[in-house]
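This report describes the fold of a single protein chain, from its overall layout to selected elements. The structure is shown first.

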Amino acid sequence: MGFCPRCGKPSRNNELCEECRLELEGVRYKDFKIVQCSVCKRILYKNRWIPEEEAIPRIVKDKLLDKWYIKQYKLGKKLIVILEKNNFEGIIEADIEKRICPTCSKKRGDYYEAILQVRGENAVKKMDKIKKKSEIYKEQRQKNGIDYYYYFSREAKKALAQLKRQLPGIVKISRKLHSYDKQRSKKIYRLTILFREKE
Ligand SMILES: [Zn+2]
Ligand SMILES: [Zn+2]
């Protein structure tokens with residue numbers, strides 16, 4: 001036995017008592033992020049995609065270094081979890097990474113709306129920082145750069161805008177007829193965007 005150096009209450013080995021520790025240190029947990037499928041909303045847990053209400057409590061419990069009771073959580077732009085223990089409340093948060101799970105990816109087939117063709121060494125280096133893995137279906141190395149296949153053309157255009165801001169270059173945009181949607185009698189186009197850095 002001993003006494004808490006902060007409040008003087010009895011504590012083990014003169015260490016901080018539980019209450020003081022909670023007040024000073026807050027919640028102790030390992031940093032983590034949530035990986036969520038942007039189509040079916042399931043969450044990746046130990047290599048399996050499972051429903052949110054099963055996944056979140058398990059992931060949070062795995063990452064907490066002390067035992068807490070999960071009072072509630074919110075999934076928005078971030079995951080926010082409110083925790084409770086001995087009348088103390090704690091809060092932790094985690095980033096969310098959006099991906100498309102294999103099941104949804106298979107259902108969609110070879111789905112991508114745009115190819116962003118980046119040419120030039122510096123441009124590819126910039127893209128390493130700009131690109132978000134979850135937005136890209138695949139990457140293909142070319143002689144002079146990389147082709148990035150984007151699920152959605154708006155995300156390819158966003159990446160292009162960032163690239164243009166950071167580096168002078170020449171841009172060419174073309175669209176090709178990809179298929180025909182019979183139900184809506186609509187032509188479906190695939191966008192090809194070329195960005196070549198100025199030498
Ligand atoms: Zn104390
Ligand atoms: Zn999915």
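In this predicted model, the C-alpha centres of domain 1 and domain 2 lie 36 Å apart. Domain 1 covers residues 13-99 and domain 2 covers residues 110-197. The radius of gyration of the protein chain is 24 Å, whereas a compact globule of 199 residues would have a value near 16 Å. Along the principal axes, the C-alpha atoms fill a box of roughly 75 × 45 × 25 Å. Of the 199 residues, 19% are buried. Among contacts with a separation of 6 or more, 49% join residues 24 or more positions apart.

The protein chain contains five helices and 13 strands.

| Element | Residues |
|---|---|
| Strand 9 | 114-119 |
| Helix 4 | 121-130 |
| Strand 10 | 136-142 |
| Strand 11 | 145-150 |
| Helix 5 | 153-166 |
| Strand 13 | 186-197 |

**Nonpolar cores**

Nonpolar side chains tend to be buried together in soluble globular proteins. The largest nonpolar core here has 16 residues, of which Ala-114, Leu-116, Tyr-150, Ala-156, Leu-160 and Phe-195 touch the most other members. At least two residues of this core come from each of strand 9, helix 4, strand 11, helix 5 and strand 13.

The surroundings of Phe-195 can be given in detail. Leaving aside residues up to four places away in sequence, Phe-195 touches Leu-116, Gln-117, Val-118, Arg-119, Ala-123, Leu-160, Leu-163, Gly-169 and Val-171.

**Helix 4**

In helix 4, the buried residues are Ala-123, Lys-126 and Met-127. These residues are on the same side of helix 4, because they cover an arc of only 105 degrees around the axis. An α-helix has 3.6 residues a turn, so residues three or four places apart point the same way. The other side of helix 4 carries the exposed residues Glu-121, Asp-128 and Lys-129.

**Strands 10 and 11**

Is strand 10 largely in the open or buried? The number of buried residues among its seven is zero, so strand 10 lies largely in the open. Strand 10 runs antiparallel to strand 11, and six bridges join the two. Together, strand 10 and strand 11 form a hairpin, with two residues between them. Within this pairing, Gln-142 stands opposite Gly-145 in strand 11.

Note on methods
Residues numbered from 1 in each chain as written. Chains lettered and ligands numbered in written order. Predicted model: local features only at pLDDT ≥ 70, side-chain atom pairs only at ≥ 80, totals over all residues. Domains from an automatic or database assignment. Buried ≥ 20, exposed ≤ 12 C-beta atoms within 10 Å, placed from the backbone. Helix = DSSP H or I, 4+ residues; strand = E, 2+ residues; numbered from the N terminus. Arc of directions from axis to C-beta. Pairing = 2+ DSSP bridges. Core = buried A, V, L, I, M, F, W, Y, C linked by C-beta atoms within 7 Å. Contact = placed C-beta atoms within 7 Å. Rg over C-alpha atoms; globule rule 2.2 N^0.38 Å.
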